[in-house]
Amino acid sequence: MDLPCGTFSENYAQDMGILRTKSQWITLIAFLVLLFACPLFFSDRMLTILTIIGITIISVLGLSILNGYCGQISIGHAGFMAVGAYASGVLCAKLGWSFWAALPCAALAAGAVGLIFGLPSLKIKGFYLVMATIAAQFIIVWLILQLRSITGGADGLAVPRPSIGNFVFRSKSSYFYLVMIITCLGTFLAQNIIRTRAGRAFVAIRDNDLAAEVMGINLWAHKLLAFFIGCVYAGVAGSLLVHYVAYATLDQFPFMNSVWYLGMLIVGGMGNTTGAILGVVSLKLLDELVIIVGPMLSSFGAPPQAAASLGLIMRGLVIIIFLIFEPRGLVHRWERVKAYFRLWPFAYRSNERG
Amino acid sequence: MTFLLQLVISGFANGMVYALVAIGLVIILKCSEAFNIAQGHFVMIGGYLGYTYLVEFGFPIWASLLLAIATAVIMGLVIERLTLRPLVGQPILAVIMMTIALSVVLEGLATLIWGGEYKSYHGVLPAVTLQLGELSVPSETTIMIIVSIIAVAVLMLLYRYTKSGLAMRATADDIQVVQSVGIRVTTVYALSWVIASVVGVIGGILLGGISGVMVSLSAVGIKAFAVVLLGGANSLKGAIVAGIILGVLENVSAGYLDPYLPAGNLATVFPFVVMLFVLVVRPYGLFGQVRIERI
């Protein structure tokens with residue numbers, strides 16, 4: 001992390017600190033205060049968007065650990081979300097568990113399924129792994145359809161809202177608080193997971209798995225651990241999503257979402273927790289823009305399907321443009337802007353971080 | 001018995017088309033080590049092109065095929081130049097994401113141009129019936145078998161006996177040597193994308209004749225992935241054999257097992273089961289080269 005001049009680490013705790021300067025603390029606290037004040041001045045529609053963004057951030061953080069840090073590409077993340085969603089949905093709706101007990105179980109279920117589909121990663125990588133995870137997505141969806149007596153199949157499953165005692169998280173603002181607390185905890189955890197011994201092993205595996213193995217990293221354990229952690233995040237996100245909508249259907253977890261999560265990572269910046277969050281926020285806002293602009297097209301004489309195709313084309317083009325012009329994502333661009341203003345008005349180039 | 005034979009024959013016809021589409025994947029994979037996720041979307045575009053030329057313009061099948069191939073050549077060239085060329089030398093994830101993004105854009109364009117609706121041109125193709133003993137093969141299946149066999153044969157001949165084929169095989173072998181003897185690698189890349197797009201479009205026209213065209217026709221690409229994995233990622237022969245195996249197995253197993261499954265539809269997951277099995281048991285496929293990796 002580039003720090004301002006004159007910031008010295010005098011002991012180990014300071015060296016490891018995520019937040020080092022007063023301004024960082026102030027920004028964080030101001031951000032949290034603003035975030036939790038949102039329900040006071042935002043409409044329900046805005047709160048829905050923010051809640052969905054929060055849930056997506058949880059899911060993409062998992063993908064960021066799995067893909068951005070450990071280098072194991074997964075295009076089945078929406079499938080793993082579906083596992084968590086249906087696990088917690090079935091536990092709550094059919095067995096009458098409370099949400100708070102079902103959520104960890106859903107996370108573990110998604111993690112376990114992730115472990116199963118992570119098994120091929122020991123032998124294969126690159127596009128072979130992409131194929132295996134795409135297979136995961138479709139097989140999971142097919143299995144959920146087959147288990148119609150438990151999951152409701154194509155009809156879906158009505159899921160109760162979470163509650164504490166007599167208080168039910170029914171209003172938009174109460175669910176917003178629930179999701180945001182879990183999102184903040186998840187972000188904090190993700191940022192710390194990658195600073196542990198296992199996290200550093202993930203980075204080593206991403207950069208060169210053979211070299212990592214030679215240095216004594218247990219590839220088997222760490223690749224599976226990465227799959228487990230990534231899918232636990234997906235499971236939590238899936239569970240939160242169905243309890244928010246109060247209904248679980250497979251339409252909530254299409255293959256396109258798996259692809260789109262990877263797109264968010266690319267736009268935000270691979271291998272960076274901030275990048276994952278930036279990517280989710282910017283692409284979700286782009287989606288909202290398309291929803292607003294789409295219907296306007298027909299008033300300019302565009303055919304009725306233009307609105308639907310606009311969304312697809314925009315999504316594809318954004319990813320293409322980022323891959324060609326800014327493969328390191330928004331977070332890299334942001335670092336460059338910060339470096340520029342730190343040195344302003346001098347034109348010295350700061351040494352770029354890799 | 002007749003039921004089984006019927007399933008085998010229609011499975012064989014499907015399998016030949018899978019093989020054809022998979023050859024496009026294998027050629028790109030061999031030349032530029034890029035995995036083209038958008039291959040299935042070439043098939044979908046092919047189906048819609050077939051609908052446009054056969055039904056909307058009313059051309060005969062041979063003219064439609066030629067026009068569709070011409071369109072596919074342009075599409076392949078444009079896609080390679082605009083999106084894949086800037087990524088030469090980038091990590092594999094970037095290339096995979098690029099082809100995924102490409103597939104999304106193609107889907108969007110198909111929705112924009114053809115409305116993303118179900119279009120059918122059943123019965124527009126000429127009637128050719130084939131009588132084998134007591135079972136009669138429908139004309140679409142016959143055309144599918146004939147055209148795909150011709151296309152596969154032409155491709156194999158191109159690849160084996162022409163100078164561009166030689167350049168492609170050489171590029172697959174060693175890029176640096178190829179560059180040092182003065183072959184333009186970018187031309188070879190462009191050629192491989194053109195071939196992929198042409199075989200995809202031909203496959204799309206053939207499949208569209210049977211099942212009609214809609215955006216979900218792009219799922220054929222996923223079957224082609226399974227074919228490539230089963231046959232071995234760098235083997236054309238493997239793609240053909242595996243295509244036929246997968247087509248027949250899928251049809252026969254779906255024909256016999258679907259009645260016993262609560263939600264049926266085994267054919268949609270069958271390729272994935274094959275894929276996972278192959279990846280775990282024999283990652284280099286039936287005919288693929290075993291690669292030894294060095295640091």
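Helix axes are lines fitted to C-alpha atoms over the stretch in contact, and the angles between their N-to-C directions run from 0 to 180 degrees. The legends describe a predicted model, in which local features need pLDDT of at least 70, side-chain atom pairs count only at pLDDT 80 or more, and totals for chains, interfaces and linings use all residues. Residues are numbered from 1 along each chain as its sequence is written, while chains are lettered from A and ligands numbered from 1 in the order in which they are written.

**View 1. Two helices of chain B, H10(B) and H11(B), pack against each other.** Helices here are DSSP runs of H or I with at least four residues, numbered from the N terminus. The axes of H10 (residues 236-257) and H11 (residues 266-281) of chain B lie 9 Å apart, at an angle of about 130°. Because angles from 65 to 115 degrees count as roughly perpendicular, under 35 as roughly parallel, over 145 as roughly antiparallel and the rest as oblique, H10(B) is oblique to H11(B).

**View 2. The side of chain A that touches chain B.** Counting two residues as in contact if their C-beta atoms, placed from the backbone, lie within 7 Å, 39 residues of chain A are in contact with 38 residues of chain B. Helices H6 (127-146), H10 (209-214), H12 (255-268) and H14 (306-325) of chain A each give two or more residues to this side, and H14(A) gives the most, with twelve residues.

**View 3. The fold of chain A.** Chain A has 15 helices and four strands, the strands being DSSP runs of E with at least two residues. Along its principal axes, the C-alpha trace of chain A spans about 65 × 55 × 50 Å.
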